[in-house]
Amino acid sequence: MKTDYEIIVVGGGHAGAEACLASARLGHSTLLITLDKTNISRMSCNPAIGGLAKGHLVAEIDALGGEMAKIADSTGIQFKMLNQSKGPSVWSPRAQSDKIEYSKQMTAVINQQPNLDVLEDCGTDIILENNKIIAINTKNSGNISCKALIITAGTFLNGKIFIGTETQTGGRIGEQAAYGLTESLNSHGIISGRLKTGTPARIEKDSIDFTKTTIQYGDKNPAPFSFQTTDFHPPNVPCYLTHTNTRTHSILERGFDESPLFTGVIKGVGPRYCPSIEDKIVRFKDRTAHHIFLEPEWYNANQYYVNGFSSSLPKDIQLAAIHTIPGLENAEFIIPGYAIEYDFFPSRQIYSTMETKQISGLYLAGQINGTSGYEEAAALGLMAAINASAKIKQIEPLILKRSESYIGVLIDDLITKDPKEPYRMFTSSAEYRLLLRYDTADRRLSEKAFQHGLLPERFYLTVKSKEKLRHTLIEYIQKTNISPTDINPILESKKESLLKSGVILSKILKRPSITFDDISCFLPQNLVDECSKHQNLKNIIEVDIKYEGYIKRNLSQVKSLANNENKKIPSSLDFRKITSITKEAQEKLFKIKPETIGQASRIPGVKPSDITTLLILLSK
Amino acid sequence: MASQANTIVALSTAPGFGAIAVVRLTGPISLSIISTLTNKKAFKPRLATFTKIFYKTNHLDDIIVTYFKAPESYTGEDVVEISCHGSQYIIERIIELCINEGARNAEPGEFTKRAFLNGKMDLSQAEGVADIIHTQTQAAHLASTNLLDGHTGIFIKKCQKQLIDIISLLELELDFSDQEIDFTPKSKIENQLVDLQNTLQMLIQSFNYGKLVKEGIRVPIIGPPNSGKSSLLNAFLQEERVIVSPTAGTTRDSIEESFRRGGYQFRLIDTAGLRQTTDSVEQKGIERTNKYIQQADLILFIIDPSKPVSDFQKYLPNNLDDTIIILNKIDIISESQLNNKQKYFKNFNTITISAKTHNGIHRLADKMVNHIKVKRPKNENIIITRKRHKYSLINTKQSLEHALFSIKDNQPSEIIVMDLRIALDSLSEILGKVYNDDILNNIFKNFCIGK
Ligand SMILES: Nc1nc2c(ncn2[C@@H]2O[C@H](COP(=O)(O)OP(=O)(O)O)[C@@H](O)[C@H]2O)c(=O)[nH]1
């Protein structure tokens with residue numbers, strides 16, 4: 001067996017999968033260590049990819065040359081564009097996934113990837129020399145040396161599962177937990193904490209009476225996640241909507257004294273945006289019903305995910321409560337809902353490259369950063385690998401700005417905000433939301449991805465020619481005048497007010513009810529034909545023009561803040577010794593040790609005057 | 001973060017009593033700002049130039065401008081020093097004019113900071129500079145802590161909370177549209193924003209009242225020659241509680257006397273004194289008078305009713321809202337003359353007196369008190385007194401305006417939120433920054449999120 005790799009990835013979840021693929025594709029001999037080869041990229045929770053803000057992340061992963069979007073496209077069984085009634089910057093794709101097929105296909109991609117080996121084992125100790133990673137010790141295969149180690153252990157480190165008063169160890173139901181790594185990291189000065197998350201029951205399809213539920217399909221004209229996907233014809237498998245009632249709630253209440261959540265047995269903090277059903281009925285007492293979505297876990301699944309019913313109450317209470325829900329009167333468990341508590345490493349300990357500040361060559365990525373969600377994990381895994389590679393190759397790291405990507409917002413927030421609960425991506429976390437539309441991810445990121453060697457040239461060239469076409473068309477629309485006689489018939493058919501004198505075409509397209517197709521007859525036919533060949537390009541151009549003014553405003557905001565954003569703060573600076581900043585700033589800065597003035601300015605409690613002082617001291 | 005490229009403005013002499021004040025500009029557009037304000041094209045570096053400065057086409061003050069070209073200046077940037085008369089009113093107008101032309105208010109210690117960053121100071125001074133900024137910020141912080149504890153602070157906090165709530169409603173709709181939640185109709189959000197806007201307007205106006213209380217009410221006595229201006233001033237001085245010490249911000253070329261009544265300090269400015277200056281041409285006198293009218297909080301316009309309208313017409317202020325029209329000399333004039341002028345001013349706030357016999361002086365003083373009293377905000381405890389706060393509130397209100405426009409224009413929520421976030425940032429300059437986490441907390445607290 002080979003015992004010497006450039007990059008080793010520990011953990012085969014969504015972060016690990018992206019990390020090991022990126023590493024191998026960037027030319028490094030790579031090893032993926034996973035507890036179970038058959039569980040690579042398993043979806044531990046709901047059978048879905050994307051969703052609000054998460055869909056944006058998937059598109060960015062795709063533009064950077066990651067794998068998630070492609071696999072999600074080929075294994076999705078129902079696609080929906082969310083938020084379509086809202087403005088275009090918050091449209092976000094989501095898909096129900098076939099979770100078995102997803103894992104299978106990702107595993108196949110990994111197995112076929114040159115440069116990449118997979119080892120079934122458990123990493124237990126990190127081995128350092130001069131504070132630099134040189135190897136990892138494993139349970140069964142001994143020491144394996146590496147230049148960079150990326151830990152993507154998800155919920156497995158000291159994972160503990162709770163169902164009522166029963167507890168068991170495990171990283172996921174039915175899978176063993178991983179031991180050793182947390183303690184090893186702790187012994188080298190890296191701090192860990194505990195977080196909690198939960199998942200609802202899975203029930204037998206044949207025990208559901210679907211006639212009592214509302215059927216819900218996906219979009220008739222589905223849009224893929226990946227800009228590389230062509231010829232897209234996914235199935236449209238429905239979900240089913242039902243709801244809890246007061247009987248459900250009173251049965252659940254009976255189990256509260258056996259709830260590990262309420263009795264304080266679970267110490268970790270759970271996500272408030274993804275509360276358990278017991279949490280919901282306690283906090284929102286006057287709600288008499290909560291939605292429950294029944295989601296198939298794969299194509300033709302016999303197993304359904306009870307979305308909205310996450311719980312760690314005793315099994316019998318869960319089941320009794322489920323039986324009060326219309327359609328689920330005779331539901332049978334395949335797996336009950338459970339909560340899981342696991343170790344994470346507060347992200348103030350990492351640089352924006354995902355490398356730990358304490359140990360050179362050690363990267364932490366995914367749920368252990370204190371995040372939740374497959375998409376967040378995948379993005380972080382990908383970024384860790386790109387930057388581990390950059391470090392080995394001694395090239396510039398890839399640090400994405402808040403103004404160019406949700407991934408940049410994600411990493412920056414993790415580092416500067418020191419979140420108290422698992423971090424989830426929200427569009428509201430991005431201050432330049434208008435610049436970060438999901439359909440502009442390729443425009444924003446592919447240049448960088450190509451330069452870092454992750455995006456194949458042919459895709460990069462596609463993006464470039466699409467961009468060129470977009471520019472040409474936009475310029476044409478902004479320059480071409482149109483006469484009232486030509487345009488008024490169209491305006492009339494759209495019940496828009498008519499023109500008395502000629503205007504430029506872009507003015508017409510700015511009207512809310514006018515679409516690209518309405519004005520395409522005034523554009524060069526060859527360009528329009530070309531445009532139709534690119535996924536979604538007409539719509540992209542339409543939105544670019546309609547929101548031009550607002551986008552410009554966002555851009556100028558970015559510009560005005562750009563001055564000191566990237567000014568480096570030397571790691572040797574002892575913030576506690578700076579007496580001319582506020583006490584609070586001293587403490588916060590010392591704790592987080594920001595790398596740049598930009599980061600420092602986003603730490604809650606650090607005031608603009610503190611930043612001024614820092615700038616002055618730095619110029620010394 | 002403040003951008004280095006900005007041009008900033010600040011009063012650089014200590015505020016308060018002083019015949020001469022110096023307002024300083026530093027940054028790339030300093031020179032073009034002063035050129036615009038003085039209608040002058042060029043200033044020679046390091047040469048003091050005597051010129052006039054204008055406010056809304058009116059002559060505001062005579063000033064001395066000295067331009068220091070980068071890098072030969074205190075900050076190492078283009079610096080302009082404007083020496084003006086030390087009146088609070090003039091200083092504030094000059095700063096306002098500079099801001100209108102693209103400068104912004106300097107942060108505490110910002111001039112020093114720039115001097116330092118541009119290598120104008122010895123490196124060993126760095127700590128000292130940082131300490132200065134620290135001290136100044138502490139002082140500012142203390143002032144805002146005092147504010148926070150008071151009624152006004154609590155009130156502004158409430159406004160901030162309202163704004164956070166509105167933003168939360170919109171963000172809720174954007175980030176949690178897949179949840180089982182009733183979203184708030186735009187019309188309701190619009191109403192809430194309008195309410196908030198009105199509240200802010202009230203706060204902004206309270207600044208003016210707060211200033212009246214703090215600095216006294218400027219009351220020029222205007223009228224044609226021989227209408228009784230000096231006599232009226234004397235009558236006040238004999239009848240009312242006169243304040244002897246000179247008031248902060250007294251301009252040196254006016255005759256000013258103060259008295260107290262109803263809790264207010266009235267600063268009477270006798271424009272008659274102007275006749276004794278070198279201005280011989282009448283036109284020039286009128287120009288002067290106009291200047292006082294501009295600075296006035298309340299105008300006493302005095303006439304001799306026995307004279308024809310043509311006697312006083314050219315002295316009449318344009319806007320008579322803040323004017324009390326005094327028909328003087330009732331001890332000697334005829335009923336018909338009085339009636340005639342009363343008719344002429346029938347839509348205005350008039351009073352009849354005799355400056356000579358002091359008949360009606362107390363009534364007039366009461367009228368003046370009442371005139372100010374009605375400007376009192378509904379809640380007298382809620383008054384802002386700092387200019388910085390006023391500007392923050394004005395900016396907040398302006399961004400709300402933009403957001404309201406977007407709502408009317410049927411723009412999507414993320415566009416509306418964009419301006420509301422800017423509004424929140426402006427408001428937060430008074431109370432401290434609000435992070436997205438605070439918004440999310442608010443959402444999680446108030447809405448049942450999570451499937
Ligand atoms: N009889 C009478 N004479 C007055 C009255 N007020 C002013 N005068 C006289 O009018 C003349 C002009 O007054 P003065 O106060 O100097 O007017 P100014 O030029 O407006 O300051 C003086 O001779 C005053 O004595 C008044 O109420 N009654």
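Where is B:Pro71 found? I looked this up to get my bearings: B:Pro71 sits in the loop between strand E4 (58-68) and strand E5 (79-85) of chain B. Helices (H or I, at least four residues) and strands (E, at least two) are DSSP runs, numbered from the N terminus.

**Ground rules.** I am reading a predicted model, where local features need pLDDT of at least 70, side-chain atom pairs count only at pLDDT 80 or more, and totals for chains, interfaces and linings use all residues. Residues are numbered from 1 along each chain as its sequence is written, chains are lettered from A and ligands numbered from 1 in the order in which they are written, and side-chain values use heavy atoms, with hydrogens and water left out.

**Backbone.** I noted that the peptide bond from B:Ala70 to B:Pro71 is cis, with omega near 0°. A:Gln394 is not a glycine, yet its phi is positive, about 55°. Most residues other than glycine have a negative phi, and most peptide bonds are trans.

**Ligand.** I found 17 residues around the ligand, with B:Asn226, B:Lys229, B:Ser231, B:Asp331 and B:Ala355 coming nearest (near means a heavy atom within 4 Å). The shell divides into five nonpolar, seven polar and five charged residues (Ala, Val, Leu, Ile, Met, Phe, Trp, Tyr, Cys and Pro count as nonpolar, Asp, Glu, Lys and Arg as charged, the others, Gly among them, as polar). I then checked polar contacts (N or O atoms within 3.5 Å). A polar backbone atom of B:Asn226 is 2.7 Å from a ligand oxygen, and a backbone N or O atom of B:Ser230 lies 2.9 Å from a ligand oxygen. A polar side-chain atom of B:Asp331 lies 2.9 Å from a ligand nitrogen. Alone, the ligand exposes 570 Å², and the protein buries 76% of that (Shrake-Rupley method, 1.4 Å probe).

**Aromatic pairs.** Why is the pair B:Tyr209 and B:Tyr264 edge-to-face? I read that their ring centres are 6.3 Å apart and their planes at 90°, so the pair gets that name. B:Tyr209 lies in helix H6 of chain B and B:Tyr264 in strand E10 (residues 264-270) of chain B, so the pair ties together parts 55 residues apart in sequence.

Conventions. Polar contact = N/O pair within 3.5 Å; in protein donor to acceptor, adjacent residues only side chain to side chain. Phe/Tyr/Trp six-rings, centres within 6.5 Å; stacked < 30°, edge-to-face > 60°.
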